[in-house]
Amino acid sequence: MKRRVFAALLAGAMALSLAACGGGGSDSSSGGGDSASGGDGHTLTLYAWDPNFNIPAMEAAGADYKENVDPDFNLEVIEQSASEDVETAITTAASAGDYSTLPDIVLFQDHYIQQYVSDYPDVWVPLDDVDVDWDNFAAEKLNFSTIDGVHYGMPVDGGTVICAYRVDLLEQAGHTIDELTGCTWDEFEQIALDVKEATGKYMMCMNSDGNDLVYMMLQAEGVSQFKDGKPYITDNETLVQVVDTIVKFVNEGICLLPNSWEDYTNTAIQGDQVAGVMNGNWIIPTIEAVPENSGKWEITSMPTFSGEEGYASNGGSSLYITANCQNVDLAKDFLAYTFGGSTVTYDNALKNGGVVTTYAPAGESAVYQEGVEYFNDQPIYADIAEMTTKVPIVEQSPYHYSARNYVGSAIINIINGADTASALKDAEDQLNFEMGN
């Protein structure tokens, strides 16, 4: 969840910190230096923020390029505490008109990049001339990083949604995961009620107000919360149907909405309260953190209102070259060789960090085809790579997270007794006001 106000408050402090420290954060490789940019002909600096996820993926790419392209290459991964720190660094540098505090490359969240390219166009180096076959990437993924027909970002990880279910609990209720593959939401509801009765477990869960469920369920139907650049809420029949479904499931006791992210991950998922989890595939390590449940989980696609298999994405990031890069040719070649096509990079990013690619050929590697013991030996990463190619493109907006939050608040109000139409109208009015409509 983004905290824009928090980021703004940090901007001044970040400016001082970046000037004093040459980029901030902690350097995960040797070398360091006084400049945020590499600049020695063989070194690149890069911001990333998750030591258990995307940082190992960056290090895998650096090792691959060093071993197979340039033995003198050095990638300095400068750890940020959160993705918001990267956004703040961009805002601070652009506001000051001084890009020297930025690294050569930043990892940036997909849902925000279009706004940042629009607000700060001079910060970014286009990638149209790199030697990459863009057709090998999922079209939905490229929809974020391709702006006005120009490629700006190199895709890294995708947030392709998985529906993970405890097959042992399904069996107790007399059901199988096959029944949940290509099912309607009505069919899902009946299975969930049976599971609840047999085991006491919830079939769905989402932190706080369920707002991520709205986006995922909508995208699986090929629908957005925006239309022609404006909020599409009250007149959006599919969105109303999604909200009604979530509220119904909460009231029936088959969808759990914990109060916080920690309650969602630690108490609900790892605390054995649920028989199902629906979220971006980055949730897999959270599920796997309970050793005694190994072999009890499997994954499949999303339900839809029509009963066709549903596909969506929630999360994901790409790599972008900044205007401070002292060796653009090296940065472009590094991105093109590694995340632009190296199965070595992608295999090790998966093994070391759990990063699942949106690059279709990588999904055909032997590493992706391996069965995963925790998921009953299902080759889940090959399955996710295939799902990724089927995620529909829907209209995106820089106000994605604002829409998510306003609709989420409406859901809570409806659960507490508010009229659905009125609550969604309030959400749409607030979003229109924020967008200046």
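Which residues of helix 8 meet which residues of helix 9? This predicted model is shown below in several close-up views.

**View 1. Helix 8 meets helix 9.** Helix 8 spans residues 211-220. From this helix come Leu 213, Val 214, Met 217 and Leu 218. They meet Thr 238, Leu 239, Val 242, Thr 245 and Ile 246 of helix 9. By class, this contact has 7 nonpolar residues, 2 polar ones and no charged ones. The two axes come within 10 Å of each other. They cross at roughly 130 degrees, which makes helix 8 oblique to helix 9. The crossing of helix 8 and helix 9 is right-handed.

**View 2. Helix 7 packs with helix 9.** Helix 9, residues 237-252, also packs with helix 7, residues 185-199. The angle is about 10 degrees, and the axes lie 11 Å apart. Angles under 35 degrees count as roughly parallel, so helix 7 and helix 9 are roughly parallel to each other. Helix 7 brings Trp 185, Phe 188, Glu 189 and Leu 193 to the contact. Helix 9 brings Lys 248, Phe 249 and Glu 252. The contact of helix 7 with helix 9 divides into 4 nonpolar and 3 charged residues, with no polar ones.

**View 3. Trp 185 and Phe 249 form a ring pair.** Both residues belong to the contact of helix 7 with helix 9. How far apart are the ring centres of Trp 185 and Phe 249, and at what angle do the planes lie? The centres are 6.1 Å apart and the planes are at 50 degrees, so the pair is tilted. Trp 185 sits in helix 7 and Phe 249 in helix 9, so the pair ties together parts 64 residues apart in sequence.

**View 4. Phe 73 stacks with Phe 334.** The structure holds 20 aromatic pairs. In the pair of Phe 73 and Phe 334, the ring centres are 5.3 Å apart. The planes of Phe 73 and Phe 334 are at 25 degrees, so this pair is stacked. Phe 73 lies in the loop between helix 2 and strand 3 (74-79). Phe 334 lies in helix 12, residues 328-337. The pair therefore ties together parts that are 261 residues apart in sequence. Are Phe 73 and Phe 334 buried or exposed? Both Phe 73 and Phe 334 are buried.

**View 5. Five aromatic residues form one cluster.** The members are Phe 108, Tyr 116, Tyr 120, Trp 124 and Tyr 320.

**View 6. Helix 2 crosses helix 13.** Helix 2 covers residues 54-68, and helix 13 covers residues 343-353. They pack at an angle of about 145 degrees, with their axes 8 Å apart. The crossing of helix 2 and helix 13 is right-handed. On helix 2, the contact involves Pro 56, Ala 57, Ala 60, Ala 61 and Asp 64. On helix 13, Val 344, Thr 345, Asn 348, Ala 349, Asn 352 and Gly 353 take part. The contact of helix 2 with helix 13 has 6 nonpolar, 4 polar and 1 charged residues.

**View 7. Asn 207 sits in a loop.** The loop runs between strand 8 (204-205) and helix 8. Asn 207 has a relative accessible area of 9%. Buried means under 20%, so Asn 207 is buried. Which residues does Asn 207 contact, leaving aside its neighbours within four places in sequence? Asn 207 is in contact with Pro 258, Ser 260, Trp 261 and Tyr 264.

Notes
Residues numbered from 1 in each chain as written. Predicted model: local features only at pLDDT ≥ 70, side-chain atom pairs only at ≥ 80, totals over all residues. Heavy atoms only, no water. Axes fitted to C-alpha atoms, helices over the stretch in contact; angles between N-to-C directions. Helix = DSSP H or I, 4+ residues; strand = E, 2+ residues; numbered from the N terminus. Parallel < 35°, antiparallel > 145°, perpendicular 65-115°, else oblique. Contact = heavy atoms within 4.5 Å. Nonpolar A, V, L, I, M, F, W, Y, C, P; charged D, E, K, R; others polar. Left-handed = near helix turned anticlockwise from the far one by under 90°. Phe/Tyr/Trp six-rings, centres within 6.5 Å; stacked < 30°, edge-to-face > 60°. Buried < 20%, exposed > 50% of the residue type's maximum accessible area, 1.4 Å probe, protein only.
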